[in-house]
Amino acid sequence: MFRVQKPNGRFVWMIFDAIVIYKSATKDILICVRENIWERQENLYALLPQFLSDLNPDRLPPSPADEDAALWRAVWNFSPDPVYWKDSALRYRGVTPSFLEYVGMKDASEILGKTDAELGWCLQDEDEEQAELAALQKGKICKDYPATLLVHGIPKRILMTSFPIHQRGKITGVFGYFRTADDKEDQRQLELLGIRDHVTGLLGYRGMIMAGMEIEEDRIHRQEDYLALILQVPEIKTLAHQYSPEVQQEILKTIRDGILKLGPISSIASYIGSGVFICFGKTRFLDGLTEKIEQLKAHLEGLTSIAGVSCTLTLNYSTIRGSEAHGFNTLLYQLAKRLNDVTSQRWHFERPHGEIIELNVSQLDSLDDGIALTDIATYDFLFLNHAMLRMMHLPDTPDAYKGKKCYELLAGRAAPCADCANSILARDAFRTCRRAMRFTSGSVLQHDTLVPWKGRTARFSIMTDLQHGQMGNEQERKSLLRREEVINDIISLGIQESDPEEGIHKIMAKIGEILQAERFLIFEEGENDTVSATYEWRRDTTGSLMKDAQDIPRARLQPLYDHFAHSRMLILNDIDSFLQLHPGFQPVLHGITSLVSGHLMQSGRSIGFIEVINPASETFASATFLLSSLTSVVAIMLRNRDMIRRLESYSYRDQLTGVGNRRALLSYLRTIPDGTSLAFIFGDINGLKKENDTKGHEAGDRLIQRSADVLVEAADREHVFRMGGDEFLLIAENKTAQEADALLQQLQATYAERHLSVALGCAVKKSPITNIDAVLSETDALMYENKRRMHEQAGQV
């Protein structure tokens, strides 16, 4: 083929065919010249496939490479399980359509070239990373290891499998797939338990608590901060009374869809009711979040109708970082309080662990001390009360400070003060200092802390002019200052502990040491109208009195409660005088000469009292001051202790049956001494689906509970675990193979007596159990063999 120039100057491709004329004596050559007609075809790309098909390649046998490629394409394009491929750095190189569908993405470009850590969608992903490294470095095949993947704002349990990819004798990557560990029955149970909201499909209130505690645990473990976001559409409560449930659902789903677009795939989203959504996300993935929220706010507030009905919506929101709070429980209180600050004209100041004190502007204006509220980011004054304006010799009007900087009016400077304390202030304590001010002839005693203000953080300052203040006595001021510092130190000591139990012990020890007391006890009210000592601090030289202070009838302490009816503090520097006034009263503890007792209250309800016994005489006045301030703190910490206990119980317990879950199983296995013989009995309920389909899910729930009760009766609730919708595991300690077999037969007989059909499988192993999944697989196989025999006996096979 040659490119030839035509007389008109245009170049075209010409095909030259040379044919030897064999019958000619001189072996002449016939040359035929023709244009390349394919070049002139307008529909060349449509004709080429037809041309190639005419060559009939089916006549040629396919090569093994062609078959492998066809097989690979079929798996890749049509596998129902999500499949992925990673390179040696564990970066995604490819994902299947089913993978994209599961994670809610349309384009693989959002994933390719990134690791799971960079995507941030795996919670506590050590197991996944270790399994993939084992495949990559050792060529190991890892099957069905658990992981948690964030999908549409919800943590999903998945079971992953990873294989090494071999090329030219080397491992060059990882091939894997996963399947969901939640079936439809599990989904329904999650909704019934409040873990998942049935309307939005997001996490519910309980699910939000569980996910939040997990991300807080992850923050502590990895030292990687996260952001909590609360959004409220207050009109939802009103619309619930105006429109049908179908319209309400459409409105909630519209809001949900907007919220899911706010953050990256690594965010967790929940709906806890009454138009309130709470989201969590790692801070490194949340660039530009504020702008996105404002866009969502503008979008929702611009809507005039949804699902064909008229509606007007507003959106309020606030945020907090995990590192700003002392634990997840405090974070939720502070987050809710910040949202309340956005929507309310009142100011809210939070005491440790969430108790709220509400103050309004008129109360602050009535104070003789100066009050100043300053934006720590811009240094702008947000509020000055009347006393502060008088102290600064300014007109008594907001115009006197609007748009003014604190360093301008307080220090007469053009830039922030070099010794500005904004960076060292905290929300849980006041910082007190004495400083000179240019507008007063003397000095000012200044107390500073941080408070939320309309979604921002502000500096709250109380200033007392020591030259003209009402206190007048400098020594008294120093004493008051010292007392406040001691209280702040004690509060900080307690709330810095992630475990409220430890915080309570530290607060008691500090108070006992300061007051030089013999002992400090906390009494809590219990069942049957009794009171018991639950905590005790004592000097090392004294013995414990806890055993003598249990199950005390409250009637025996009636004089004490009569006093609490009109005063929260009882101060006795002479116990004999009190006994003379109440001749029928007998002290529970002996050897008391003096005491200070405080009434413990929660939401107006009595929960007990504290007692500091025999404090030193020189500290008696301090005891009154300390305990009147700290009794509420102790009550709050007891409430937080109870809340954490309940949440921990929820996270380790199956809510339907009360037995342990998989998390409880793993925790239990870690406590077993090495060398212990363990009988693992795995049970699977027969006919649960039929029971649900024919009699309803409540009947199915009762079947599950009755089946679990048999196992609990044979062992106890701490040794029975629900492994799935209809699967249970019983672990019996110190059992031989013969004893385990006898226990298995006992269970089978009990199930038969109660007309319950449960297939059982048993295996005996010695601790430590390094691979519980392998043990479960073995007992599961034995159980299925038992199930097959049961079906055969029933004539079903």
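I began at the hairpin of β27 and β28, which has 2 residues between the strands, and noted that S603 takes a positive phi near 55° there. The model is predicted, so I kept in mind that local features need pLDDT of at least 70 and side-chain atom pairs count only at pLDDT 80 or more, while totals for chains, interfaces and linings use all residues. Residues are numbered from 1 along each chain as its sequence is written, and side-chain values use heavy atoms, with hydrogens and water left out.

I then followed the two strands themselves: β27 (residues 595-602) and β28 (residues 605-613) are antiparallel and pair over 8 bridges. For the element names I used DSSP runs numbered from the N terminus, with helices being H or I of at least four residues and strands E of at least two; pairing requires at least two DSSP bridges between two strands. Within this pair, L600 has G608 of β28 as its bridge partner.

Helix α16 (residues 500-515) packs on the sheet, where I found it touching β23 (519-525), β24 (530-538) and β28, its direction making about 65° with that of β24. Contact here means heavy atoms within 4.5 Å; the axes are lines fitted to C-alpha atoms, for helices over the stretch in contact, with angles from 0 to 180 degrees between N-to-C directions.

Turning to the surface, I listed F2, F16, V20, Y22, I29, I31 and V33 as a nonpolar patch with about 720 Å² of accessible area together. Patch residues have over 30% relative accessible area and no salt bridge, with nonpolar side chains joined within 5 Å and like charges within 9 Å; a salt bridge is a Lys or Arg side-chain nitrogen within 4 Å of an Asp or Glu carboxyl oxygen, and areas come from the Shrake-Rupley method with a 1.4 Å probe. V20 lies in strand β2.
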